[in-house]
Amino acid sequence: MRGKGFGKEKRRTDMRREREIFRRFQEETGNRRPYRNAIVRMRKSVPTRVRVKALRQAGLNVFLYPAARVDGCDLLSDSGTGAMTTAQWAELIEGDESYGSNEGYFLLREQLVRTFGEAWRQKDPRRPNLFIFHQGRAAEHALFTIIGKTGNNLIIPSNGHFDTTGANIEANAITAVNLFSKELKQRRDHPFKGDMDVGRLRTLLSEKKQKKQIPLVFLTITNNTGGGQPVSMANIRQVSRISHRNDIPLFFDACRFAENAYFIKQRERGYAKKSIPAIVREMFSHVDGFTVSWKKDGLSNMGGSIVLRPGGLFMKRYPELLEQITDHQILTEGHPTYGGLTGRDLKALARGIATITDEGYLAHRVGQVARFGERLQRAGVPVLTPFGGHAVYLDMNRFFEGTGLAREDYPGIAFTALLLGSYGHRLCELGDFAFGREKDGKQEFPEVNYVRAAIPRLVYEDQDLAACADAIISLYRRREKIPGVVVTYGRDKTLRHFKAQFRLRT
Ligand code: F0G
C-alpha cells in the first residue's frame, strides 16, 4: 500500500518533474562535470585478434578475461572500481598504521555520525557499534553466522537480497526471502520499483509462529538484484513501522545509500527542497543497523562494515551478540579498530563517505547512467526503466525475442563474449546463467534475465559510454546472427558464472 500521490497521473508528473530538474541542473552547471581529472590512466588499444585469443583462453568467461586487455569500457561492476579523489589519495599518505586504535578508525567513526546522524554515536566503549571488515560479504558472513545460531527455521525477508547476502544467509540454514515489489515485475515505469512488497511482509508476519522465526528484516538500498532501483522514504518508514511493531529489528544493506537518497529527492513528494545529507539522516533514523560494502558509495576500492545504532532494537534484542561479532572479527579480520583494512584505507574511506553525498556529484552520476541508458533506449534496445543509480540492465528475454534461441543456449553469455571480443567493452550476465541452476540434469531459470552494464564511479566520461552504447546497438541490430553458447565446463557448479567455460555454438 502506498500513500496517495503514486497514481498513474502522479507518476507521469513525477517523471516530468525529474526530467525538468535534470535539464535545469544541466543549464545551471553548463553541463560541467563536477570534477576535473588530476591523474589519468593511459589506454593501450588492443587489436581484435588479441582480444579474441584472450577471450578463447578465458573460455569466453568475462570474469576470467584479463582487465589489461579491456580497451573499451569495463562495466563488469561498480564495486571497488571507482576512481578516488585527490583528497582521498592525500589521506593515503597521512595513513596511521598503528596496531591499536589508529587515527583513521576515529575519523571514520566521526564521519559515520556526521553522515548518518547523531543517533549513531556510541559513547559506551564497552559496546562497540562499528565492526570493520575487508568487504561487504565478510560483514554479511559474520552477521549471519552469529544470527544463525539464535534459532531454528529462521527467515530473513528483504526487498531483494544481493546474491552474496542471500548465499551467506542460506549457508547458515536461514531462509532468504525476496519480497520484490509488484512494479518491478511489470514493464511500466514506476519511480520506486526497489520498494518492498509490504503486503507480503504483513502476510509473512501474520502467521504468529513466523514472527519468532524472523530475527531481522532487510532493505537493500538501492535494490541491486531488482535492477538498481531505489526504495522510497514512504516504504522505508512503513517497513520500519511494521518490523518494529513486531519487535523485529530493521537493517539496511546500505551499499548505494547516497544514490538512493538522490532518487528520493528527485522523485518523492516533499523532498525536493531537502538536502541530500538531511535525506540520508532521515533514511537512517528508521533502521537499527546496517551492513555495507564501502566499495560502492564509500568511494573506496575495498572495505565493508556492520554498523549498529546505539539504543536501537538490534542492540536491545541481542546484547549478547555484540561480543560474538567482535570475536568473529578478531578471528577472521583483525583488531576491531582496523578490521581487514589498513589505517590509510580507513582515512581515505572517511573522506569518500564525506564526498559521496555531494548533490552535484550525485546529479552527474545518476544523470550519466541515465544518458547512457537513453542512448540504448532510443535505438530500441530493451532496457529496464527507469534507469537505476549505478547500472543499466539489458533485458535478454526481449533482446533475443523471435530469434529462435532457447534459454539453454544462454544468448546473454554469447552477447557479452561478442561485445568484449569484437568491441572491447566488458558487461556481465546476471540472468539465466548466473542465477539459473542445474537440478537433476535439468535447468532452472530465475525470474529475471539481465545483462548488466555497471558504471564505475568517476572513471568514464559520457563519450566513453556513448561508444559502448553504440557497440551494444550494433550487436542488437545483428542479434539474429548471434549464436548461443555450449557450456563446456561448470554447468552444475555453485556460483557457476565465475567458473564456467563456454564456446560459441556453430
Ligand atoms: N550488497 C549489495 C547490494 C551488493 O551490491 C554487493 C556487491 C554486496 C552486498 C557485497 O559486497 O562485494 O563488498 O562483498 N555487489 C557487487 C556488484 C559485487 O557487482 O554488484 P562486497
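# Reasoning through the ligand shell, core and backbone

Q: Where is Leu495 found?
A: In this predicted model, Leu495 is found in the loop between strand 13 (485-489) and helix 20 (496-499).

Q: What makes phi of Leu495 stand out?
A: Phi of Leu495 is near 45°. That is a positive value in a residue other than glycine. Most residues other than glycine have a negative phi.

Q: Why is Leu60 called buried?
A: The relative accessible area of Leu60 is 10%. Buried means under 20%. Leu60 therefore counts as buried.

Q: Why is Leu384 called buried?
A: Leu384 has a relative accessible area of 9%. The cut-off is under 20%, so Leu384 is buried. Its place is in the loop between helix 16 and strand 8. Leu384 and Tyr450 are 66 residues apart in sequence, yet 8.9 Å apart in space, C-alpha to C-alpha.

Q: How do you know that Thr403 counts as buried?
A: Its relative accessibility is 17%. That falls under the 20% limit, so Thr403 counts as buried. Thr403 is found in the loop between helix 17 (396-399) and helix 18 (411-423).

Q: What does the side chain of Thr403 reach?
A: It reaches the backbone oxygen of Phe400 at 2.6 Å. A polar contact needs a pair of N or O atoms within 3.5 Å.

Q: What makes the peptide bond from Ile221 to Thr222 cis or trans?
A: Omega is near -20°, and the bond is cis. Most peptide bonds are trans. Thr222 lies in the loop between strand 4 (217-220) and helix 10 (233-245).

Q: What is omega for the peptide bond from Thr385 to Pro386?
A: Omega is near -10° there, and this bond is cis. Pro386 is found in the loop between helix 16 (359-378) and strand 8 (391-395).

Q: How many residues surround the ligand, and which are the closest?
A: There are 17 residues around the ligand. Ser77, Arg137, Asp253, Ser293 and Lys296 are the closest. By class, the shell has two nonpolar, eight polar and seven charged residues. Helix 5 (residues 136-148) gives the largest share of the shell, three residues.

Q: How much of the accessible area of the ligand does the protein cover?
A: The protein covers 94% of the 470 Å² that the ligand has on its own.

Q: Which members of the largest nonpolar core touch the most other members?
A: They are Phe116, Phe252, Phe257, Met283, Phe284 and Phe290, out of 57 residues. Helix 11 (residues 257-267) supplies the largest share of this core, six residues.

Q: Why is this core said to lie between domain 1 and domain 2?
A: Domain 1 (48-71 + 359-504) gives residues to this core, and domain 2 (86-356) does too, so the core lies between them.

Notes. Residues are numbered from 1 along each chain as its sequence is written. This is a predicted model: local features need pLDDT of at least 70, side-chain atom pairs count only at pLDDT 80 or more; totals for chains, interfaces and linings use all residues. Side-chain values use heavy atoms; hydrogens and water are left out. A residue is near a molecule or strand if one of its heavy atoms lies within 4 Å of it. Accessible areas come from the Shrake-Rupley method with a 1.4 Å probe; for residues, only the protein chains shown count as cover. Helices (H or I, at least four residues) and strands (E, at least two) are DSSP runs, numbered from the N terminus. Ala, Val, Leu, Ile, Met, Phe, Trp, Tyr, Cys and Pro count as nonpolar, Asp, Glu, Lys and Arg as charged, and the others, Gly among them, as polar. A nonpolar core is a set of buried Ala, Val, Leu, Ile, Met, Phe, Trp, Tyr and Cys residues joined through side-chain atoms within 4.5 Å. Buried means under 20% relative accessible area, exposed over 50%, partly exposed in between (1.4 Å probe, protein chains only). Domain bounds come from an automatic or database domain assignment. A polar contact is a pair of N or O atoms within 3.5 Å; within protein, one must be able to donate a hydrogen and the other to accept it, and residues adjacent in sequence count only if both atoms are side-chain atoms.
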